[in-house]
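Dear colleague,

Please find the structure below, with its sequence.

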Amino acid sequence: MKRPKSDILRPKCDALGSRRLKLSHLLIGLGALYLMFIYLKFHKFLEIASILSGDETFIGVDGSAGDKHFFSSIYQDTFNHRLEDERNQDAPQLLSKVPVQEGNDGLRTIRPFQNRYGRITGEIMRRRNKTSNLSDLEKMADEAWTLGMKAWEDVENYELQELNQTQLIDGRPESCPSSVSKTGDQFARGDHVMFLPCGLAAGSSITVVGTPHYAHKEYVSQVARMHWRDPEVRVSQFIVELQGLKSVNGKDPPRILHLNPRLKGDWSQRPVIEHNTCYRMQWGRGQRCEGIASRDDDDTVDGFRRCEKWIRNDLVDSKESKTTSWLKRFIGRAKKPEMTWPFPFVEGRLFILTVRAGVEGYHIIIGGQHVTSFPYRTGFTLEDATGLAVKGNVDLHSVYATSLPVSHPSFSLHQVLEMSDKWRSPPLPKGPVHLFIGILSATNHFAERMAVRKTWMQYRDFKTSKVLARFFVALNQRKEVNAALKKEADYFGDIVILPFMDRYELVVLKTIAICEFGVRNVTAAYVMKCDDDTFVRVDTVLKEIEGIASKKSLYMGNLNLLHRPLRSGKWAVTYEEWPEEVYPPYANGPGYIISSDISKYVVAQHANQSLRLFKMEDVSMGMWVEEFNASSPVQYSHNWKFCQYGCMEDYYTAHYQSPRQMICLRDKLSRGGAHCCNFR
């Protein structure tokens with residue numbers, strides 16, 4: 001008798017179901033093991049995740065409750081943030097080396113000013129005469145202090161005739177040559193940089209004569225990650241850069257124009273010319289010219305295309321097919337002639353490159369032919385371009401700069417600073433202030449300081465002495481810049497001059513100076529640190545502070561958790577400098593706030609030489625707050641609106657803002673909106 005079809009199929013279905021069941025069991029078991037591994041290995045991560053979800057009852061693996069004080073306010077707005085990519089009472093103060101006395105509270109009290117420039121902060125250089133048992137950072141500080149004190153003596157003893165000080169006051173121009181030239185050998189001896197004493201002006205041009213190297217093989221780690229490509233890449237490229245003055249040692253100079261011809265080695269595997277700028281160590285958006293002419297409707301630069309066309313074998317003219325071209329010739333219509341050239345750089349072949357400064361931007365001419373133009377970006381002026389660098393796979397034969405300006409307005413106070421009484425700071429208040437803001441600045445940042453004075457330092461809270469701000473500036477290697485800074489400080493009364501040579505690694509000393517000034521020179525409930533390219537919405541920041549319980553210690557800003565130090569590359573941190581695998585929670589440096597008890601702790605620890613110094617000042621502050629938090633619970637308050645990179649809508653602070661952007665932000669606020677001015 002024939003079996004029903006259903007009976008025949010049932011055993012197969014049962015077998016298949018059994019196999020599926022076993023497979024699902026296996027997957028569930030593997031998933032459980034994986035979750036157990038994650039739980040045991042990364043319990044810190046789970047702790048943070050519980051806070052992000054709003055659960056403050058997380059119990060650690062060891063049975064202890066999570067530190068609610070530590071994380072209670074971090075990432076409260078996690079799901080609303082914008083992702084961001086990878087500073088005499090009527091006169092300024094020079095912090096000078098004067099002994100101070102112990103107070104009853106364990107902190108050093110302020111002695112009367114010994115001169116109109118005040119006294120030194122804490123114990124920054126008490127160990128100046130010691131020669132042993134100093135860390136690399138302390139040795140660097142010792143050298144910077146010695147050089148700085150000598151530089152200040154030079155300024156103090158400076159005769160007006162030496163500096164031609166009338167140039168700074170009356171605007172008489174500094175004399176500079178109208179042309180500069182160097183041979184390739186001379187250029188190499190100058191560390192591949194040529195000094196342009198008074199910068200550039202519209203009409204200035206720089207001609208570079210050189211020969212690109214033949215391509216060589218380089219191992220590129222980024223390419224190695226793409227397993228289908230050979231990590232050994234043939235490379236031939238060089239850079240021509242217009243640079244600004246290096247205002248701080250250890251920090252790269254600004255790149256006013258970065259021109260990078262890539263004969264070989266570009267990720268596109270085709271020859272490319274790329275332009276860019278780097279403002280405050282922040283690269284802008286690059287412009288790439290790849291042999292395709294800019295469209296007719298694209299913005300031009302002084303009437304020139306941003307990118308001209310050159311011959312590329314992989315492109316077919318889409319505007320005109322072969323049939324259309326044949327028909328036009330058949331009916332006798334003349335074809336519009338079009339000139340094309342190959343890529344203007346050839347390995348082993350001489351080139352003549354000219355960079356000409358126009359009205360709207362830079363024009364690049366190679367072999368007499370215009371190839372590309374790059375519009376000026378805000379944050380720089382032509383006078384800022386005081387150096388030319390040529391580096392890379394190129395043999396340089398000669399450089400010639402002509403039509404240069406014969407005077408430089410950058411050090412002329414009447415050109416950059418508006419010497420008006422309405423921008424001067426009032427005397428230090430006799431009573432306490434609610435918020436003291438220390439602004440890190442560099443000697444030659446005259447325009448940046450003036451922009452701050454004209455914008456957010458005009459909030460009415462400054463007029464009522466509820467808020468006070470001062471610029472903290474170390475010294476420059478150029479004597480005339482220090483003299484101009486002293487003149488500015490004398491007039492505006494809002495600059496604290498730190499008597500050591502400015503270095504990027506010593507920013508942490510400026511932070512200590514801000515803490516000390518905030519608790520000793522003025523009695524501030526809260527101390528804020530920011531940079532001179534940070535725009536601060538003072539009223540909004542005050543509201544944020546007032547939203548925190550006044551009895552709690554406060555650390556407020558854009559907080560980073562579990563950040564790891566870089567162990568290679570330009571910003572590498574050695575294990576001797578930082579042996580731990582992660583940094584403590586810290587707020588990004590362009591804008592953060594601490595309460596006065598934390599400031600006093602920093603100053604006291606520094607005074608008894610037990611404060612650990614680290615070259616990254618924002619990480620240092622996070623480390624100090626963590627130590628303070630061990631004995632006195634701190635309210636960590638995070639908000640992404642303390643912007644680290646640039647600006648976001650409804651910001652509290654905006655970073656990397658040029659003087660022009662500062663004015664724009666103020667104008668937008670006056671019209672009722674905290675909107676960004678994202679042009680550069």
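Predicted model: local features only at pLDDT ≥ 70, side-chain atom pairs only at ≥ 80, totals over all residues.

Residues are numbered from 1 along each chain as its sequence is written, and side-chain values use heavy atoms, with hydrogens and water left out.

Aromatic pairs

Searching the whole structure gives 21 aromatic pairs (rings of Phe, Tyr and Trp, the last by its six-membered ring, with centres within 6.5 Å; planes under 30 degrees apart are stacked, over 60 edge-to-face, the rest tilted). Phe436 and Phe472 form an edge-to-face pair, because their planes stand at 80° with the ring centres 6.3 Å apart. Phe436 belongs to strand S18 (residues 433-441) and Phe472 to strand S19 (residues 467-475), so this pair ties together parts that are 36 residues apart in sequence. Strands (E, at least two residues) and helices (H or I, at least four) are DSSP runs numbered from the N terminus. Phe436 is buried at 0% relative accessibility, and Phe472 is likewise buried at 0% (buried is under 20% relative accessible area, exposed over 50%, partly exposed in between, with a 1.4 Å probe and protein chains only).

The rings of Tyr491 and Phe492 are also edge-to-face, with centres 5.0 Å apart and planes at 80°; both residues are buried. A cluster linked by ring pairs comprises Phe238, Trp310, Phe343, Phe345 and Phe351.

Charges over rings

The charged end of Arg453 sits over the ring of Phe492, 4.0 Å from its centre (NZ of Lys or CZ of Arg within 6 Å of the ring centre and within 35 degrees of the ring normal). Likewise, the charged end of Arg567 sits over the ring of Tyr575, at 3.8 Å from its centre.

Val527

Val527 lies in strand S21 (residues 524-531) and is buried, with a relative accessible area of 3%. Leaving aside residues up to four places away in sequence, Val527 touches residues including Leu435, Phe436, Ile514 and Tyr592 (contact means heavy atoms within 4.5 Å).

Helix pair

In H14 (residues 507-521), Val507, Val508, Thr511, Ile512 and Cys515 meet Glu617, Ser620, Met621 and Trp624 of H17.

Yours sincerely
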